[in-house]
Amino acid sequence: MTWTIRSLLLGVFLLSGCKHTGGGSVTPTPTQPQACDAQQAQISREADERASPWSVEQHLAKNFPGKKVSWLMTDAAYQNFVVKPNAQNFGRCNDSGCYLFAAPSETIQAAVEKSMVNGAHDPAVIGQALGLPAKNFEGPLRMMTLDLAATGVCVRLPVDSDPGVWKCTSEEDTDCFKFGGYTSGGVPELMVIDAPVSQAVVTEIP
């Protein structure tokens, strides 16, 4: 949620090949992304072992049946971190990649639709739906949607060491990171690595 659904909204949440056959072409649509490099694949395996018997494959099948993810950013953050630097990938970046927390598109879109009143969104409604502070959704927003199957990006369960994780500091903390693939508000989430800006559908939310 640089910005991730958690770091921006809490901190305050490319490959597409064509195989030519005969006279036509086929674009593969894998059931789950397979683009994790060795480092991310190892992190994913360790996360699955920790979550056992749960796994990222089960998480995708249950909570992301459409294989699409979405996340929200304030328009100001979008301009500063995406437009001005001409960013290639969304997320909080370091030498190993750009890390982005994202939720099922249906969940984010439903929260936005429910929040619309007289042509503008109500930050409190989005915050309640996603289990995040309403102040994180004040002002114009941008909603990004990414098709995981089409882009083939690396996804896995988020872990405590991921950039942008808001770690718990006491037993009373409720809006901090909880391992297992869900936000503190119970919304399913994935860690997306190197989500390409060029392949995301961006929607303005007044």
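Q: Before we look at single residues, what do buried, exposed and partly exposed stand for?
A: Buried means under 20% relative accessible area, exposed means over 50%, and partly exposed lies in between, using a 1.4 Å probe and protein chains only. This is a predicted model, in which local features need pLDDT of at least 70, side-chain atom pairs count only at pLDDT 80 or more, and totals for chains, interfaces and linings use all residues. Residues are numbered from 1 along each chain as its sequence is written, and side-chain values use heavy atoms, with hydrogens and water left out.

Q: How many disulfides are there?
A: A disulfide is a covalent bond between the sulfur atoms of two cysteines. Here a disulfide is taken as a pair of cysteine sulfur atoms within 2.5 Å, and the count comes to 3.

Q: Which parts of the chain does the pair C36 and C154 link?
A: The pair joins distant parts, since C36 is in the loop between β2 (24–26) and α1 (38–51), while C154 is in strand β10 (residues 154–156), 118 residues apart; helices (H or I, at least four residues) and strands (E, at least two) are DSSP runs, numbered from the N terminus. The sulfur atoms of C36 and C154 are 2.0 Å apart. C154 is buried at 3% relative accessible area, whereas C36 is partly exposed at 24%.

Q: Which residues of helix α4 are buried?
A: An α-helix has 3.6 residues a turn, so residues three or four places apart point the same way. In α4 (residues 105–115) the buried residues are S105, I108, A111, V112 and S115. The face of α4 turned away from its buried side carries the exposed residues E113 and K114.
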